[in-house]
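Please keep the sequence and the model in view while reading.

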Amino acid sequence: MTAPDKRVTTDEIVGEIRDGMTVGIGGWGSRRKPMALIRALLRSSAKDLTIVSYGGPDVGLLCRAGKVAKVVYAFVSLDSIPLEPHFRNARQSGAIATTELDEGMFLLGLQAAAWRVPFLPTRAGLGSDIETANPEIKTIESPYTSSPWGLEPQASGGRSTGERLIAMPALELDIALVHMHRGDRGGNAQYLNVDPYFDDLMCMAATKSFVSVERIVETEDFLKEGPVQSLRINRLMVTGVVETPNGAHFTECPPDYARDEAFQKEYAASAKSGEAWDAFRAKYLDVSESDYQMLVQS
Amino acid sequence: MSTATRSEVVAVAIAESFRGDGEILANPIGNIPMIGGRLAKATFEPLLLMTDGEACLVENIMPVGVANPPKVIASWNPYRSMFDIVWNGPRHVMMGATQIDQYGNQNIAMLGALAQPKTQLLGFRGAPGNTINNKTSYFVPNHSTKSFVAKVDVVSGIGYDKAAELGEQSARFHCLPRVISNLGVFDFETPDHRMRLRSYHPGVTVDEIVAATGFELMIPSDVGESRLPSDEELRLIREVIDPNCVREQEVPNPQSTPPA
């Protein structure tokens with residue numbers, strides 16, 4: 001076999017992230033987030049980042065650590081703790097800029113970037129304060145007043161003729177960071193939980209995409225892990241791959257492991273004061289990944 | 001069966017909001033809405049399809065508040081497929097609302113100004129796309145002048161006035177069937193789509209609802225009480241759908257009558 005070897009280290013990945021870059025982060029809420037890569041990013045000097053995420057503790061941690069200039073989001077939540085406390089503090093103190101989106105608009109922005117088109121049309125967002133908050137988002141009028149082929153289904157009831165729609169701009173990323181269950185040395189990657197989220201779109205929307213995986217396996221062993229449909233990310237989408245066991249901790253990564261709810265509570269409590277954050281940071285973030293893993297597994 | 005508690009009346013009111021929906025995805029979000037939606041499927045709307053709260057669509061009546069409940073999985077519905085259903089249309093979602101106004105504009109995003117909110121909440125989530133694409137109802141467990149407001153700070157889900165501004169074509173899928181609170185049931189079936197009191201829950205007065213509402217509510221002269229659960233509905237709620245009584249924590253009974 002002549003597949004490439006795209007294995008890299010977390011430090012090499014973080015070394016690609018320069019000040020001011022736009023970084024897309026995979027997963028959803030407090031689910032299958034590339035936390036080992038986020039922890040490495042927290043230890044780096046990178047700053048003024050624009051973060052694009054179906055947000056969870058990735059967003060909260062980066063905001064609290066002063067890495068973020070702007071967050072592009074539809075929600076930021078820890079799931080079992082509905083509101084992300086560090087993100088709330090950052091918003092309420094005015095520390096960060098934001099772009100507010102509907103969850104579906106967010107998907108279409110990633111899809112547009114992945115397909116290399118400047119926008120995708122949607123009805124989602126019309127009339128809401130998404131339009132007010134984002135005057136830069138334009139609307140378009142459908143160029144069709146009727147079907148160009150005379151297709152008029154009898155039950156269509158006047159389907160989209162000359163309709164005004166939101167032109168959701170492409171969410172183009174410099175870097176994508178995602179976490180999957182299994183990967184091979186070439187960067188093909190597999191998810192084993194029930195939802196792929198939008199990790200493949202994140203990868204295709206980015207100039208450079210990095211995948212952390214629970215375990216690197218031989219390509220021929222993928223189908224021992226899960227069905228062929230679970231091979232969601234192919235190596236054409238991927239710049240580098242790194243093995244980070246327990247690398248989504250403390251977010252959930254079933255079937256390998258559940259969310260560490262006790263740790264998540266401790267994390268949330270660190271938003272209560274500067275002292276609480278300093279203690280949390282000193283104990284869990286100003287340490288190496290291997291020390292972190294020893295701490296959380298003891 | 002003993003007297004129905006407030007949460008059981010609310011569950012039935014929620015079930016009623018799905019009446020007539022037929023074969024669509026009933027997508028109530030939160031425990032009380034899920035109890036109501038599953039009650040509708042278990043009784044008068046058997047064709048409803050519902051989620052397991054994760055990434056599957058199920059055919060059985062799943063209990064809430066139970067670890068590892070049995071599931072009869074009928075389909076796979078990860079987030080990406082959920083957006084397909086939203087945009088394709090056959091869905092009735094019931095969301096929460098931190099604030100709602102007389103035309104049904106909903107805010108779950110933040111309190112205060114967008115640029116620097118006083119209180120950051122969830123964000124817009126899927127509310128803009130839901131309200132412009134499929135039926136959207138709301139459940140508000142804490143009816144007060146803080147939740148039923150003259151003007152929402154931020155419009156996440158769009159109301160009938162915003163829909164009218166968009167015009168008939170853009171807003172042709174906009175539909176807000178019901179708002180259900182701990183005090184009563186509301187709809188927008190008025191000439192200008194202002195919110196109307198549809199029924200008040202037993203034990204609540206119209207005056208109490210008016211005092212707890214921050215805008216002028218349309219009150220039909222013949223408005224009556226929300227309907228009580230039937231014995232079969234009470235049995236389904238208590239024994240099948242919510243055996244651990246999660247409902248009483250979320251909508252406590254004002255008379256503090258313990259459930260049977």
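In chain A, strand 3, helix 4 (residues 85-92) and strand 4 form a right-handed β-α-β unit. Helices (H or I, at least four residues) and strands (E, at least two) are DSSP runs, numbered from the N terminus. A crossover is called right-handed if, with the strands pointing away from the viewer, the path from the first strand over the helix to the second runs clockwise. This is a predicted model, in which local features need pLDDT of at least 70 and side-chain atom pairs count only at pLDDT 80 or more, while totals for chains, interfaces and linings use all residues. Residues are numbered from 1 along each chain as its sequence is written, chains are lettered from A and ligands numbered from 1 in the order in which they are written, and side-chain values use heavy atoms, with hydrogens and water left out.

The two strands of chain A in this unit, strand 3 (residues 68-73) and strand 4 (residues 97-100), pair in the parallel sense over four bridges; pairing requires that DSSP find at least two bridges between the strands. Within this pairing, A:V71 has A:T98 of strand 4 as its bridge partner.

The interface between the chains comes next. The size of an interface is often given as the accessible area lost when the parts come together. Chain A and chain B bury about 3500 Å² between them, 54% of it on carbon and sulfur atoms; buried area is the accessible area (1.4 Å probe) lost by two parts on being put together, summed over both. On the side of chain A, the residues that lose the most area to chain B are A:R91, A:R123 and A:D129, together 18% of what that side buries. The contact (heavy atoms within 4.5 Å) takes 46 residues from chain A and 37 residues from chain B.

Three salt bridges are found across this interface, a salt bridge being a side-chain nitrogen of Lys or Arg within 4 Å of a carboxyl oxygen of Asp or Glu. The side chains of A:E163 and B:R172 meet in a salt bridge at 3.1 Å, N to O. Helix 4, helix 5 (103-115), helix 6 (129-133) and helix 7 (199-205) of chain A are the elements that each give two or more residues to the side touching chain B.

Finally, the backbone deserves attention. Most residues other than glycine have a negative phi, and most peptide bonds are trans. A cis peptide bond joins A:H249 and A:F250, with omega about 15°, and another cis bond joins A:P254 and A:P255, with omega about 5°. A:F250 lies in the loop between strand 11 (240-243) and helix 9 (261-269) of chain A.
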